[in-house]
Amino acid sequence: MIWDSSLWKRDIAKRVESLNRRARQERWTGASCTKVEQDLFLAGYAVRKLLDAGKISDEVESGSILAIAYPRRTSTIDVLNWHKIDELYDIDAQTDVCLALREFCNQIIHSFVFVLARSETGGLEGFFLASDREKDRRLLFISLAQVTKTLGRVANDAIVSMSWARS
C-alpha cells in the first residue's frame with residue numbers, strides 16, 4: 001500500500017517532462033524508443049497503484065483520455081506480426097473513444113501491440129497500442145498530448161479530504 005503518494009507523483013511528473021521533450025526530438029535511436037516505452041509503462045503502473053491506494057482525487061480519477069480506435073482486420077495477431085498494424089487493423093475505419101483512467105493504465109501495462117507514431121518533423125506524436133486482451137478486437141491510437149495532459153493532472157493532484165468507514 002502507498003503511504004506517501006508525493007514520491008510517486010513526483011516520478012510521474014519527471015516522466016511527463018521526458019515525454020514532452022520527445023515531441024520535439026528529431027533523431028531517434030533504439031534506446032530513445034525504449035525510453036518512451038519505459039516512461040509510459042512505469043507511469044501507467046504508478047497511476048494504477050495510486051488508484052488502488054485511493055491516492056487520486058475523484059475529479060482526476062473520473063477523467064478520461066480521448067483515443068482513436070481501429071477495428072481488427074485479420075484473424076491472427078501474434079508475436080510474429082504484431083508490428084504490422086496497417087495489415088492487422090483497418091486504419092480507414094476509425095472511431096473516437098474515451099478511455100477511463102484505469103482502462104488506459106491497463107492498456108499500457110498489458111500492451112501486446114506498441115508502436116510509436118512520429119510527426120512529419122520527427123517528434124513523437126503518439127502511439128498505437130493494444131493490450132493482450134484487446135488486440136483481437138481493436139487497436140488504439142493515443143496522442144502524446146492526451147497522455148501528458150492526463151499524467152500531468154495525476155502528478156499535480158492533491159486530495160484535500162478523505163474519509164473511510166468500515167461497516
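Some ground rules. Residues are numbered from 1 along each chain as its sequence is written, and side-chain values use heavy atoms, with hydrogens and water left out. Because the model is predicted, local features need pLDDT of at least 70 and side-chain atom pairs count only at pLDDT 80 or more, while totals for chains, interfaces and linings use all residues. Helices (H or I, at least four residues) and strands (E, at least two) are DSSP runs, numbered from the N terminus.

I start with strand 4, residues 124-131. Seven of its eight residues are buried, so strand 4 is largely enclosed by the rest of the structure. Buried here means under 20% relative accessible area, with exposed over 50% and partly exposed in between, for a 1.4 Å probe and protein chains only.

Now the neighbours. Two strands pair if DSSP finds at least two bridges between them. Strand 3, residues 111-118, runs antiparallel to strand 4, and seven bridges join them. In that pair, serine 111 stands opposite serine 131. Five residues lie between the strands of this hairpin, where glycine 122 has a positive phi near 105 degrees.

Strand 5, residues 138-143, is also antiparallel to strand 4, over four bridges. Glycine 126 faces serine 143 there, and six residues separate the two strands of the hairpin.

Last, helix 6, residues 144-155. The expected span is 1.5 Å times one less than the number of residues. For twelve residues that gives 16 Å, and the end C-alpha atoms are 16 Å apart, which agrees. Nine of the twelve residues are buried, among them Leu144, Val147, Leu151 and Val154.
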